[in-house]
Amino acid sequence: MSVFSRYRRALQLPGLLTALLLSASFCLPASAIDNSGLEKAASALAQSGFQGAVLAARGDQVLLQKSLGQFGELNQTFRFASITKQMTAILVMQEVDAGKLKLDASLGSYWPDYPNADARAITLRQLLTHYSGLYNENAIPDFHMTSAARGDNMQEFATGVCAQPLKASPGSNFDYNNCDYMVLGALLERMNKQSFAQLLKKRIFQPAGMKQSGLYNAAMPDNRSHVHGILNGQPEPDVNFASYGAAGSSYGTLQDLLAMNRAFIQGKLMSAAARSEMLKPNATGGALGVWVYPFGGADAAKPTVIVERQGWIAGIRILNLVDTASGNVLILVSTNGDLDLTQTWANQGPAAALLSALIKAK
């Protein structure tokens, strides 16, 4: 679902943001960092009724880890949902690094017999930024429900439901669409002759040290030992998490997500040039697989450039915030699918006070 168009007013200087993002090195003071501001913000969040987990880190130091409400143990596994799109974008940028893909080349350049001839004109950049015009699978209400029994075959999804007639001309308008990333995932599989799960494991999970991460599949469309939440005030419905593929089927722990962020910051997953390209925001903050915007909550005169990726499926929402210049990472996992996590860019919402306190921590 599209919630990021609200960034438009906050993003007047994309060139400046890109320049700031080029600096990924950061220094930590020799003494311990004071996390009292984080503790205070976390306490206020708990008092607001937030149910979930919070992790704040800088560089190699974890400054805060808290289970709030009824979340339980912090080492639990949960669905990453659309954080998977960030991983898919990383895989695409690795192919760009290797000279195998070009962002502004058409899908048809690499998939000449893609079933929808009109879709062959879509560029990879348009897929990554949701300007493809592809049919949106969310138009089918039960597509991701367990009762639909659609399994996990991303090639079938990409060449079936996603290959239906275009909704709009490529590049004409923004439409948040899982099909964009299902098609990208299927393309990566075809190019590498490996499954998307294998690509994630070899190119992201293992290099980053994500020890508990994986991808839901037809044999495990859900796992009842993983974290579950509520939606519309009720226990969440039964969802086939495997049906999201490269758009949302990954899972792991807080430590896994932190490990991915650290690897991303430290340049372990792609070249500096590729990362710079990935993090160039457009006029509404949309970059490749993430959103990038200035956050002024800690210092209005000197905003901090934040890389954001959200995930949301049914009763679980995740907010993943990264400050590449200082090595700051803030992760929120909510077990209330009704809670809006989208207002951080405006210094509002559940994460704003925590992010401000993290940036200010000395």
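Modeller: Happy to! A cavity here is a set of grid points where a 1.4 Å probe fits but cannot get out. Keep in mind that this is a predicted model.

Biologist: Which residues lie nearest its centre?

Modeller: Those are Thr129, Phe174, Gly286, Ala287 and Trp291, and they belong to a lining of 14 residues.

Biologist: How does that lining divide into nonpolar, polar and charged?

Modeller: Seven of the lining residues are nonpolar, six are polar and one is charged.

Biologist: Nice. Let's switch to salt bridges. How many are there?

Modeller: There are ten salt bridges by the rule used here. In one of them, Arg150 pairs with Asp142, and their closest N and O atoms are 3.6 Å apart.

Biologist: Why does that pair count as a salt bridge?

Modeller: The cut-off is 4 Å between a side-chain nitrogen of Lys or Arg and a carboxyl oxygen of Asp or Glu. At 3.6 Å, Arg150 and Asp142 are within 4 Å, so the pair counts.

Biologist: Are those two buried, exposed or partly exposed, and what are the values?

Modeller: Arg150 is partly exposed at 31% relative accessible area, and Asp142 is partly exposed too, at 35%.

Biologist: What about Lys167, which residue does it form a salt bridge with?

Modeller: Lys167 forms one with Asp175, with 3.4 Å between the closest N and O atoms. Lys167 is exposed, at 52%, while Asp175 is partly exposed, at 23%.

Biologist: Last topic: strands. In what order do the three strands of the open sheet come?

Modeller: The order is S3-S7-S4, and the pairing is antiparallel. Strands S3 (78-79) and S4 (214-215) are the edge strands, each pairing on one side only.

Biologist: How many bridges link S4 and S7?

Modeller: Two bridges, with S7 covering residues 250-252. Within S7, Tyr251 is the bridge partner of Gly214.

Terms used
Residues are numbered from 1 along each chain as its sequence is written. This is a predicted model: local features need pLDDT of at least 70, side-chain atom pairs count only at pLDDT 80 or more; totals for chains, interfaces and linings use all residues. Side-chain values use heavy atoms; hydrogens and water are left out. On a 1 Å grid over the protein atoms alone, a cavity is a set of points where a 1.4 Å probe fits but cannot get out, and a pocket is an open set with protein on both sides within 12 Å along at least five of seven lines; lining residues have an atom within 4 Å of a point. Ala, Val, Leu, Ile, Met, Phe, Trp, Tyr, Cys and Pro count as nonpolar, Asp, Glu, Lys and Arg as charged, and the others, Gly among them, as polar. Buried means under 20% relative accessible area, exposed over 50%, partly exposed in between (1.4 Å probe, protein chains only). Two strands pair if DSSP finds at least two bridges between them. Helices (H or I, at least four residues) and strands (E, at least two) are DSSP runs, numbered from the N terminus.
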